[in-house]
Amino acid sequence: MINPLRGMKDLAFEDSQKFVHIVTTAIKIARNYGYSYIETPILEETALFKRSVGESSDIVGKEMYQFQDKGDNDVCMRPEGTAGIVRAFISNKLDRQDSNYRFYYYGPMFRYERPQKGRLRSFHQFGCESFGEASVYEDFTIICMIKDIFDSLNIGFTLKINSLGCKDCMPAYREKLIAFLGNIKNELCEDCNRRIDTNPIRVLDCKTEKCQSMLSGSPKLLDNLCEVCDSDFEKLKLLLENMGIKYECDSNLVRGLDYYNKTAFEFVSNEIGSQSAIAGGGRYDRLVEFLDGKPTPAVGFALGIERIMDLVILPEPKREGYYLGSMNEDGIHKLLEVANFLRKNHKVTLEYKSKSLKSHLKSADRAEAKSIIFIGDDELANETLWIKDLETKEEKIIKIDSIESSL
Ligand code: HAM
């Protein structure tokens, strides 16, 4: 027997219903915020992720599903959605238009991580990317959109925000941090030591307790912002407060991808164990330029669909459509035509086996049909259908040839 690969799972039955419920809820809200659908390939050139997510990140350094294809191209299964969408934005020359573009997407992402609860190797994200808008109002609006999605799904969260500064304030902060880290180098873990040279701010995010205690006196990002970044961050906090959206400032929130600047945020749930981040995102104003496009400010987020699946309660299933059954083969022939007609507008379950009415009624219940249509001996002789509404219990008999006007 062949099983799915480790860290990968099928979405079926209740999980697939939850998946559809989450995605349709998120799409409806994203469309209300002016986002339109974009789909990009799952496979991209490896260089795309190296240049955007960053070579020093765990995602690129350790977790990529990377291989040479038959044409000897170095390719990679996307570990996240943003890079491919920025690539598409540039490939389609949208960076040369002077307008705003807002896209939503959903689909599978691949990271060769150590699987555990809430951490898969193949998982699904729903995300949004907004291009062309530098205002912090857009960061605020995106956070409102995510809140609306979680509220609609009845999912509680804690919002954490930070600012990662910009090209004006970041280099000086980086130097300060490197100097601080140099003094405690020997006390830090191997990963942190590697990061001091490649991407020192990622050290702030280390999950090791000893490293975190050593870092308590480190220079803080939020104390080292330039005037513009500081005033934008203050504005964001004020907007959130005015809107009644609770947040926590977390100066160590640096995100695991290298492309961010200014606003960074994460939505966390305390109901799902250690893999608690249910959505994350932020601003990435320099990425378009970095991938050879015209400089374009951008901000976005992605939420982890599997992470919120256990938190989602499906709406009560409603009885829907028709169950069709007969006592004999000739009746089934007639019902094949009836089914064809009804399926244009209704959900139809057609039973091919001849059975008694009692047995069909049981099956109609199991199929959660709203009505049953039955052909017995009398109905066959009279060219009629017996119909019962399984909710109101109302029964009627109609002529088959009047079905169009009767139903
Ligand atoms: P990310 O924080 O790496 O950001 O992933 C976003 C969300 O995907 C996480 O908050 C989590 O819910 C889910 N997730 C990540 N890894 C896994 C995994 N191994 N198994 C299950 N769920 C997972 C990004 O990917 C950015 N592209 C977000 C973004 C969009 N930033 C700007 N635009």
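Strands β7 and β8 pair in the parallel sense, over two bridges. Lys160 stands opposite Glu248 in β8. The model is predicted.

β7 also pairs with β9. Here the sense is antiparallel, and the pair runs over six bridges. Ser163 has Thr263 in β9 as its bridge partner.

**The eight-stranded sheet**

These strands belong to an open sheet of eight, in the order β1-β5-β6-β11-β10-β9-β7-β8. Its pairing is mixed. Which strands stand at the edges? They are β1 (36-37) and β8 (248-249). Each has a single partner strand, so one side of each is left without a neighbour in the sheet.

Further along the order, β10 and β11 run antiparallel and are joined by five bridges. Gly280 has Ala302 in β11 as its bridge partner.

Two helices lie against these strands. Helix α5 (residues 136-152) packs on the sheet. It touches β5, β6, β7 (158-163), β9 (261-268), β10 and β11. The direction of α5 makes about 20° with that of β11. Helix α1 (residues 13-32) lies across β5 (101-110) and β6. α1 runs at about 165° to β5.

**The three-stranded sheet**

Another open sheet has three strands, in the order β2-β4-β3. Its pairing is antiparallel. The edges are β2 (43-45) and β3 (65-68). Each of these has a single partner strand, so one side of each is left without a neighbour in the sheet. On average, neighbouring strands of this sheet are turned by 35° against each other, direction ignored.

β2 pairs with β4 (residues 74-77) over three bridges, in the antiparallel sense. Glu45 has Val75 in β4 as its bridge partner. Helix α2 (residues 46-54) lies across β2, β3 and β4. α2 runs at about 75° to β2.

Strands of a sheet pair through backbone hydrogen bonds, either parallel or antiparallel.

**The ligand and its shell**

How many residues are around the ligand? There are 26. Glu80, Glu113, Leu120, Glu129 and Tyr260 come nearest. By class, the shell has twelve nonpolar, seven polar and seven charged residues.

β6 (122-131), β10 (277-283) and β11 (298-304) each supply at least two of its residues. Which strand gives the most to the shell? It is β10, with five residues.

| Residue | Protein atom | Ligand atom | Distance |
|---|---|---|---|
| Leu120 | polar backbone atom | nitrogen | 2.8 Å |
| Gln125 | side-chain N or O | oxygen | 3.0 Å |
| Phe301 | backbone N or O | nitrogen | 3.2 Å |

On its own, the ligand has 650 Å² of accessible area. The protein covers 96% of that area.

**Drawing it together**

In the side chain of Gln125, an N or O atom is 3.0 Å from an oxygen atom of the ligand. β10 and β11, joined by five bridges, each supply at least two residues of the shell. Helix α5 touches both of these strands.

Technical notes: Residues numbered from 1 in each chain as written. Predicted model: local features only at pLDDT ≥ 70, side-chain atom pairs only at ≥ 80, totals over all residues. Heavy atoms only, no water. Near = heavy atom within 4 Å. Polar contact = N/O pair within 3.5 Å; in protein donor to acceptor, adjacent residues only side chain to side chain. Areas by Shrake-Rupley, 256 points an atom, 1.4 Å probe, with all protein chains shown as cover. Helix = DSSP H or I, 4+ residues; strand = E, 2+ residues; numbered from the N terminus. Nonpolar A, V, L, I, M, F, W, Y, C, P; charged D, E, K, R; others polar. Pairing = 2+ DSSP bridges. Axes fitted to C-alpha atoms, helices over the stretch in contact; angles between N-to-C directions. Contact = heavy atoms within 4.5 Å.
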